[in-house]
Amino acid sequence: MKKRNSILAAAVTGAFLAFGLVGCATTDEAEAPATSAAGTTETAEVLKIAIVPKAINIGYFTGWNEGAQEACAELGATCDYIGPNEITGAAQTEFINQVIQQGYDILVISAADQNAIVPALEKARDAGIIIVTSDADVAAEAASSRVVSILPSEQDDIGTAQVDWMAEAIGSAGSVAIITPANAANQTAWIEAMGPYLDAQYPNMEWAGGSLESATFYANDPTESAEAFSSILAQYPDVAGIISPTTVGVLAAAVEKKAKAAAVKVTGLGLPSEMAPYIEDGTVEKVGLWNPLDLGYVAVYAAVAAKNGTFAGATGETFQAGDKTYTVVDGGIAYLGEPFTFTKDNIAEFKLIY
Amino acid sequence: MSILRRATRFRELPVLLGLVVVYLGTGFLNPIFFSVSILNDIFFGVAIVATLAIAQTFVIVMRHIDLSVGSVVGLTSFLIGDLSSRGFSLLAVLFAALLVGATVGAVNGFLVGYLGLPSLVVTLATLYIVRGIFNEVGKGQTIVESMVPKELNWLGLNRLFGISYLFVIVVVLMLIAGVLMQRTRAARDLYAIGSNPSAAGLVGIPVKLRVLAAFTATGAISGLAGAVMLARFNSSSTQSGLGLELLVVAACVVGGVSIAGGTGSVFGAVTGAVLLQTILMAIGALGIPQFWQLAVNGSLIIAAIGLDRYLSTRLRSTNIMGASS
Amino acid sequence: MTKLTIPKVVFSWDKGVVLFLVLSIFIGSYASEYFATASNLSFVIASIAEIAIIAIAMAYLIISGEIDLSVASIMALTSASIGYAFQEGVPFEIAVVLGLLVGLLAGLFNGVLVTIFGLPSLAVTIATLALFRGLCWVILENKPVNQLPREWIDLGNKNIPGTFFPWATILVVLFAGIAWFVLHHTKLGRWVFAIGTNPVASRFSGIPVNRVKLGLFVFTGFMSAVAGVIYTLRFASASPDGGAGYELSVIAAVLFGGVAIAGGVGTMWGVLAAVLSLGVIKSGLQLAGFSANALLVVSGGLLLISVILPRVTEFVRIQRSKASTIKRTQQKEKERVQK
Amino acid sequence: MNQVNPPVLSVLAGRKAFGGVQALDGADLNLFPGEIHALLGENGAGKSTLLKTLAGVHKLDAGSVTLNGKSFQQGSTRSAQEQGVAVIYQEPSLFPDLTLAENVFVGRQLQSGKFVDWKKMRREAATLFSQLGVDLDVSRTARGLSIADQQIVEIIKALSINAQVIIMDEPTAALSSKEVDRLFSVARRLRDQNCAVVFVSHRLDEVFALCDRMTVMRDGRTVGTELVSDAVQSQVIKMMVGREVSELFPKTEADLGEIVLEVKNLCSEGQFQDINFTVREGEILGLAGLVGSGRSEIVRAIFGVDTYDQGSVIVNGTPLRKADSARAMAAGIGLVPEDRRLEGLFMPYSIAANTSITLLERLVRKLVIRKKDEQKVAENWAKTLQLKFSSLGDAVERLSGGNQQKVVLAKWLATQPKILIVDEPTRGIDVGTKSEVHRLLSKMAQEGLAIIMVSSELPEVLGMADRIVVMREGRQVGTLSRDEATPEKVISLATGAAALR
C-alpha cells in the first residue's frame, strides 16, 4: 500500500507541477490585457466589469446590482453579478480572486469585511484592475486599495438623522435602544455618531441603561434581531424607542412590535418594499434609506471614468454619473446625499421602486 | 427507593430541574422575569426550535441524526410565502411544504435505512444540497408580510388565553407525537432500533422501513415547521433557518434525548428547547453584557449536558443497586 | 498502510479520491482557460490551507471514533487572541505563540469533558462551538483588529519565491507528512485505528485509550490554532466572526476522503486528496461561471457519492461471491447425483 | 415423551454453504413434543448454522424443514417466531433501554384498540415470570441485567408467543451452577408444557443430567441420534470429535518459584472486598465462584482496566499504578478476557494485526512498525497454537470461536508475560480445542509462567489449578489447595452451604 500511495502522490504532484509550469507560461498573458488596458487612456474593447455584493441572494443587493447594470447598459460595458452566498470576507475573497483570474477591467464591490478582503483587493489592484467600493467601504487605513468609495452620505449624518426620526416619534423624551449587526463597519460608524448627538441635542432623551454600550444590542439575522427585541423589553421595560440601522433588523423589529403589540417606537434604515405593510398599518411611522440602485449606478460611472483616466479619485475631484455630478471628499469618498425617508404618504410609490 | 426508581424512569427530571432553577434564579435576581410578557416571549420565541426538536426526536431515538432540518425549514418557510403570494390556497401551500419536507426526509431515510449509510454524513450532504437549491430558488427575494398567508400571520399575532398560538401548536404537536411515541408499536420500534440495532432485526422489526418512515416523518414535520417560522417572523429570505440544526440537536440532547439512542421523549425535547430559550432570555434580563451572551449560553449548554449525565447515571446506578439488593 | 487494518472497499475509495483529484484538475483546466494558471493554483492552495490543516487533525479524531465541531470556533478564538494581544502591545511573534497556546487549551477543554467526564463528543463540541465563538466576541467585542505587521501579512499572502505555492503550503506539507507517517507507520497510529474499531478491546490490550483520545483533542485544538494563525495572516485581520461554518467544510472534506464516521477506517492520503479536490472543484466551477449556490449543491453531492460508492462496490462484491457460492453448491449437487 | 406422536419439527438432509465453506452437508434433526433434545458437536460442526436456519436467519440451499407436517417458512426471523420456533441465544441481545415487559413483547406489543396497552403488557409479563417461578420487576429496564436473567426474559418471550419448539444455544456457558439449576427447572417445566426443547451445550455432564435424547453433528453432518439413557460419555465424545480425546484437563505438576504477583486487601465499592492472594512462578491459581461473584471484576482491576478503591497490586515487589492497563502490561501482566468478541479481538482486523496489537513496542524500530517482523511473530504463534487459517491477512471475524480464542491467547503469550490472567479461557470452545488450550496453559506454567484462571466450569478449575480461591458475593470465602479441593467443597463455599448439590 505504501508503494501504491507514493505512486499516486507522484501522479498528483506531477499534475500540479505540470500545470504550475503551464501556469508560469500563461500568467503573463492572463494578466496582459489588464495591464496594457490600464496603461492606455482609450480602449476600444468592451469593458468587463464585476459587480460583487456582500452576498448574492439578498434583496438590498439585488437592487444595488440593478442600478449598476443600468449604468453598464448606458456605458456599453458588460457587467457580471458574482459573489458568495454568505456575508464573510473569506468567502468574498474567493470571488475577488476569480475577478483577478478572469482579467476583469473593473471591480465594483461592497466590502463584506472592511479588513479581511484588503489583501485580495491589493492583489487585484496590482493586477491593474480598477476598484471602486460601493455601499460598504474598506477600513480607512486601506483606502489606497481602491480608487474611490461611493457611500450614501456622510456617515455621521446617517447616524444623527435616525436619532432625529426617533426624537420625532417619541416626542424627544424617553430612553432609546439600538439593534444592529455586530462587526459591521458602517453601522459601527453610524452608531458612534448617534451617541454624542443624542446627548447633545435631546436633553430629555437618554440611552437605555444609561450608556450607548448598554443600549446597543447586536443581532445578525431575523432570529437574533427578534430575540434582541425581546431582550430589550425584558431588560428595559420602559424603553421608549428602538433604532435599527439595518434593513434586516428594522424589519424584524417591526414584526416583533406588531406581534407583541408593544408600545415601543421603531425606526431605522429599511427597504420601502419590505417595510411597506408596517408603515401602511402604522406599526412604524418613518424609516429611511438611500436608493441602493443609485449606489450601484454611480459606482459604475466612477469606475469607468477612472478606467478611462479621466478620474483618479483624488480629494476635490469630480465625476459625472447620469445627469448628476459628484465630488470626492477626504478619504477618497463620494456621497450620494441625504437618505430618502418613507412615511404613509410616500411609501406607496417607493415600495414599487426598491 | 421505589420513588427513586420511578424518578430514574422519568428521564426528563434533570432538564426540568434545570429549567426551574434558571427560571426562579433569574426571577429572583430580576423580578421582571416573572412577568407574563417574558413568559410569552419564551413560548413565542421557542416555537420553531421546539417544533423541530419534536421532529428530531424521531431520528435521535434511533441513534441517528438529521442535520438537514435547518435548510428544509428555511426553504419551506420561503416556499409557503412565495406560493401563497402567487395565489395558491393555504392548504395547497401547506401541502407543498409538507411534501418538500417529506421528500427530503424520505431521501435521507432511504439512504440511511436501505443503503445503511451513516446519517450524519447523509444529512450533512442534504443540508448543503437543499440550502443550495433554496438559495437558487429564493435568489435575493424577501418574503414580506403582504406575501404571508393571513391565517399564518394571524397565528403569529394572536394568543389563546395569553399564550401564543404558535406555542399552542407546539403543545398540540407534542401531545400527539408524545402519545404516538409512547403508545404505538411502530414508534416503540424506533426505541428498540436505537437501543439495540442488531437485535431489532432479529425480533422481526422491519428496521429499514421504520428508519425510512421516521426520517420521512421528521422531514415532513420540519417542512410544516416552515409555516411556524413564517408565522413567527412574517418574513423569510435565503438566510432563514441558517445553522438552526445545531440548536435543535442541542435542545434534544439537553432534553435528555440521548445521542446514544433508545431513550428520551418529545416532552423532554420540548423542555430542552424551552430551557435553552429561557437561558437566552435570562441572559438578557440579567443584563449580562451583550458580548458575553454566546459564551454564557455555550457554557450553560455544557452544564445542562453534564447535569443530565450526572443525574441519569447516578439515579440509574442506585436503581441497579436496588434491583440487585 | 497495510491491509492489516483497513477493509478492502475503503482502499478503492481513498485511491478513488486521489484519481478524482487528478481528474478534476484536468477537467478544471478544460472548463476554463483561467483555471490552470499559476496564480489560480496558488489561490486554490491558499484557499484550502486552513481546511487542510484542521482536516489532518480531524481525520485522527474521527478515525478514533470521536468528533470535534468546535474547530472553527477554536480557529477564530486563536485569531481573536492574537489580534487582541497585538493590539495590547504584545510583539506579534509572542502574540502568535499565545494564540497557539489558547488553541491548545481549548482542545484540552474539549478532551477533558469527553475523556474524563465521559460526555459524548458530538454534544460537547456543539456546546463549545458556541462557547469558544462567544469568547471571541468577549475578547474583541465588535472591534476587529487590522494593521498587522506588513511582513507577516505578506507571509500570509505571497508565494514562496519562484513557485506558485503560498508560504502556508510549507506548513500543510510538513504537518501532512508527519501526520501521514504517524498514522500509518507508528504505534500511535495503530492505536488510533484500534481505538476507533473497538475501544473496549483496546483497553483490554493495554492501550491507554483515554490518554490517546485526550491527546487527539489537544492536537485538534492545536492544529485549529495553526489554521487560525494562517487565517489571521491571510486576511490581515482578526475579527470575532472569522471562519464561521468552517467546521462543516472540514468534516465534509474528511468524510469525502474516505474516513468512516463510525471510526476505525481512513487514510491520510484520502483526506488530503479530498481537501484539495474540493478546492479545485470549487475554483473550477467558479471560473466556469457557476454561482455560489451551485457550489453548495456540488459539495453536498460529492459527500453523498463518497459514502454511496463504496457501499455499491461492496454490494457488487457480495453479489459476486453469492453467485459463485451457488454455482459451487450446484456443482457439488451434480457430483453427488453422478455418484 | 413418547415416540408415537409424529415429530413436531424435522429437518431432512439440510445443506448450506457460506462462500467456499460447506457449513451444513446433510443435517437431520427430529424433535418430538415434550422432550428435551441435546444437540452436540464441536465448533464448526454446523450446530449454529442449523439453529440459525430454524431461527429464520439462514435459508437452506437444499433439504427440507417441516413443522407439524407443514413445510417451514425459512429466511425470516419474524415468521419463524410466528410459526412457533424460538431461539434463546448464549448471549441474548435484549434492549437495554426498554422495560422487561416491553422486551418480552417487543415488536408485537399488546394493544387495546390501536394503542399499546402498558398495563396489560406488564400484567401478562408478570404472570409469565411467576409461572416460571422467576421474580423480576417487569417495569425495570433491561440495562444491567445478568446474562442468566436475560436468558429468562428470552424464554418468557418464547412462551409469550407460545412457541412449540424452544432452542437454547449454549445457555449454561456463562451461568453459575445456581443459575444452571434454575434454568434446568425452567427447561423441565417447558417440557411438561409439551414444548420441544433443544439444548446445545459443550458440557456433557449437563446433557446427561437434563436431556432425554441427543443428536450429534460433525462436519455439517448428523452422525447419530440416540436416547441419553443408552449413551456413554466416552462414546459420545468419540462421535463428536471422530477420535479418542486423551485427557481433558492435563495439568502437569510444575515446581513453583518466587511470588510474582501479590494482591493486598483489594476493595472496590459494590464489586468486591478485602481480596488477598499471591501467585508464584509456574503456579496456576484458580478463581472459582458463581458468575457475578466478582471474579472477573477482580482480574479486571488487577490488569488495570477497571479502577479500585483500596488495596494494592504488587508485581515483583513493586506496586502497580491503579487503572493503568498500559503499566500493567509493561509489568508483565496479560489478560485473556471473558468476552473475546467484545474485549479480546478487533473483528475486522487480520490475524496478524490482532496478534501484534500488544507487541507494537517491540516491532518498532526508529518509530516505524516493521511489517515483516509483525508477520513473522504472527506466523510463529499461529504455528505454536495450531491455528487453522488460510492467510494471516484473514479478518478474525471469519475464524471459528476456538480459533478466535487461540488468536487472543497468541496476542498475550506473544508479549511473554510473567503473569497471565485467563478469564473463562474455554467458554464456547469445542472439546478438541479445549484440551489443546489446557495443554498449552500447563506447558506455559511449567516454563515458569504464573497463571490466574477464572472459570465457571468446575472440572476445569479442579483439573488445572494448583490452588483455588473461591469467591462469593464479592468476598473471598476460602482458598483450597489442589488435593483438598473437591467439587462439593468448592460449590458449598461458592454458594453458601445451603445450595449443596
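Select strands β3 (residues 36–40) and β10 (residues 196–200) of chain D in this predicted model. The two strands run parallel and are joined by 4 bridges. To see one of the pairs, display D:I36, whose bridge partner in β10(D) is D:V197. Strands of a sheet pair through backbone hydrogen bonds, and the pairing may be parallel or antiparallel.

**The sheet of chain D**

**A helix to examine: α16 of chain D**

Select helix α16 (residues 431–446) of chain D. At 1.5 Å a residue, its 16 residues should span 22 Å; the end C-alpha atoms are 23 Å apart, which agrees. Show the side chains of D:V431, D:T433, D:K434, D:V437, D:H438, D:L441, D:S442 and D:A445, which are buried in this helix. Against which elements do the buried residues of α16(D) pack? Their neighbours in chain D are α8, β15 (284–289), α15 (401–413), β21 (419–423), β22 (450–454) and α17 (458–464).

**Domains of chain D**

Colour chain D by its domain assignment: domain 1 (9–94 + 145–241), domain 2 (245–332 + 417–501) and domain 3 (347–416). The C-alpha centres of domain 2 and domain 3 of chain D lie 25 Å apart. Between these two domains of chain D, 9 residues of domain 2 are in contact with 9 residues of domain 3. On the side of domain 2 of chain D that touches domain 3, the largest share, 3 residues, comes from α16(D). That side of domain 2 of chain D divides into 5 nonpolar, 2 polar and 2 charged residues.

**A hairpin in chain A**

Move to chain A and select strands β12 (residues 318–321) and β13 (residues 324–329). These strands run antiparallel, with 4 bridges between them. A:Q320 stands opposite A:T325 in β13(A). Which residues of β12(A) lie on its covered face, and which on its uncovered one? A:F319 and A:A321 are on the covered face, whereas A:T318 and A:Q320 are on the uncovered one. The two strands, β12(A) and β13(A), form a hairpin with 2 residues between them, and A:G322 in the turn has a positive phi of about 60 degrees.

Colour domain 1 (40–152 + 292–335) and domain 2 (155–289) of chain A, as given by the domain assignment. Their centres, taken over C-alpha atoms, are separated by 30 Å. The contact takes 5 residues from domain 1 of chain A and 6 residues from domain 2 of chain A.

Finally, show chain B beside chain A: 30 residues of chain B are in contact with 26 residues of chain A. Helices α3 (36–60), α7 (150–157) and α13 (266–285) of chain B each supply at least two residues of the side that touches chain A. By class, this side of chain B has 9 nonpolar, 18 polar and 3 charged residues.

Technical notes
Residues are numbered from 1 along each chain as its sequence is written. Chains are lettered from A and ligands numbered from 1 in the order in which they are written. This is a predicted model: local features need pLDDT of at least 70, side-chain atom pairs count only at pLDDT 80 or more; totals for chains, interfaces and linings use all residues. Two strands pair if DSSP finds at least two bridges between them. The expected span of a helix is 1.5 Å times one less than its number of residues. A residue is buried if 20 or more other C-beta atoms lie within 10 Å of its own, exposed if 12 or fewer, and partly exposed in between; C-beta atoms are placed from the backbone. Two residues are in contact if their C-beta atoms, placed from the backbone, lie within 7 Å. Domain bounds come from an automatic or database domain assignment. Ala, Val, Leu, Ile, Met, Phe, Trp, Tyr, Cys and Pro count as nonpolar, Asp, Glu, Lys and Arg as charged, and the others, Gly among them, as polar.
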